[in-house]
Amino acid sequence: MFDTLITVIGNVATKPNRRELTNGSVTDFRIASTSRRYDREKDAWVDGDELFIKVSCWRTLGDNTLESIDVGDPIMVRGRLYSRRITENGGSTSKYVYEINAQTVGHDLSRGVSQFSRRHGRTPPRSRPASEFNAIVESMEKEERPAEAPVGAAA
């Protein structure tokens with residue numbers, strides 16, 4: 001089965017709520033996203049339809065999300081979109097509810113600033129040796145630098 005991945009940009013609409021389940025902890029909240037378009041007749045931006053969707057963050061992502069976001073924060077959520085069928089009135093009627101099982105959650109830095117800090121229990125970055133990533137970047141920078149021409153050589 002193929003996953004339907006989605007990215008939603010919006011604001012936190014409800015306070016994040018953490019629950020302990022038998023298969024781990026989950027933090028859920030709702031995100032609100034409103035489309036905008038430019039109306040030439042009014043010569044102004046107007047709001048379009050609103051989308052409110054439940055977001056579920058499992059385990060460590062849920063713990064970090066609970067400590068990092070609050071109602072009204074501009075965020076971006078990426079995850080798997082899925083639907084659940086809910087039956088009502090003793091099974092005579094049913095409806096579908098859509099949710100996002102989040103893979104990543106982060107502040108929308110186009111609308112403000114944020115400060116990242118690693119969770120406790122991990123080795124601080126300063127005490128680690130130079131990472132493989134830094135070595136790759138340094139080698140790329142060396143390759144991009146033009147070789148110095150010998151003195152008196154024609155350009």
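Me: What share of the contacts in the protein between residues at least 6 apart in sequence join residues at least 24 apart?

Reply: Of these contacts, 57% join residues at least 24 apart, where contact means heavy atoms within 4.5 Å. The model is predicted: local features need pLDDT of at least 70, side-chain atom pairs count only at pLDDT 80 or more, and totals for chains, interfaces and linings use all residues. Residues are numbered from 1 along each chain as its sequence is written, and side-chain values rest on heavy atoms, with hydrogens and water left out.

Me: Where in the protein is confidence lowest, and where is it highest?

Reply: The values are pLDDT, the predictor's confidence in each residue, from 0 to 100. Helix α2 (residues 132-144) has the lowest confidence, a mean of 64, whereas β1 has the highest, at 95. Over residues 123-128 the pLDDT is below 50, and this stretch has three contacts in the model beyond near neighbours in sequence. Where pLDDT is low, the predicted coordinates should not be read in detail. The protein averages 84, and 77% of the residues score at least 70.

Me: How many helices and strands does the protein have?

Reply: The protein has two helices and six strands, in the order β-β-β-β-α-β-β-α from the N terminus. They are DSSP runs numbered from the N terminus: helices are H or I over at least four residues, and strands are E over at least two.

Me: What makes V8 count as buried?

Reply: Buried means under 20% relative accessible area, exposed over 50%, and partly exposed in between, with a 1.4 Å probe and protein chains only. V8 has 5% relative accessibility and therefore counts as buried. V8 lies in strand β1 and, leaving aside neighbours within four places in sequence, is in contact with I31, S33, I75, M76, V77 and I100. The C-alpha atoms of V8 and V105 are separated by 9.8 Å, although these residues are 97 apart along the chain.

Me: Which residues make up the largest nonpolar core, and what makes a set of residues a nonpolar core?

Reply: Such a core is a set of buried Ala, Val, Leu, Ile, Met, Phe, Trp, Tyr and Cys residues joined through side-chain atoms within 4.5 Å. The largest one holds 12 residues: V8, V12, F29, I31, I53, V55, C57, I69, I75, V77, I100 and A102. Two or more residues come from each of β1 (5-12), β3 (24-39), β4 (44-58), β5 (74-88) and β6 (93-107), and β4 gives the largest share, three residues. Not counting residues up to four places away in sequence, V55 touches T27, D28, F29, I31, V77, I100 and A102. In soluble globular proteins, nonpolar side chains tend to be buried together.

Me: How do you know that β5 and β6 pair?

Reply: Two strands pair if DSSP finds at least two bridges between them. β5 and β6 have 14 bridges, in the antiparallel sense, and R85 stands opposite Y96 in β6. These strands form a hairpin with four residues between them, and N89 in the turn has a positive phi of about 55°. β1 and β5 also run antiparallel, joined by seven bridges, with I6 opposite G79 in β5. β4 and β6 pair in the parallel sense over three bridges, and K54 stands opposite E99 in β6.

Me: Why is the pair of Y38 and W45 called edge-to-face?

Reply: Rings of Phe, Tyr and Trp (its six-membered ring) pair if their centres lie within 6.5 Å; planes under 30 degrees apart count as stacked, over 60 as edge-to-face and the rest as tilted. By this rule the count is one aromatic pair. The rings of Y38 and W45 have centres 5.5 Å apart and planes at 70°, so the pair is edge-to-face. Y38 is partly exposed, with a relative accessible area of 38%, whereas W45, at 54% relative accessibility, counts as exposed.
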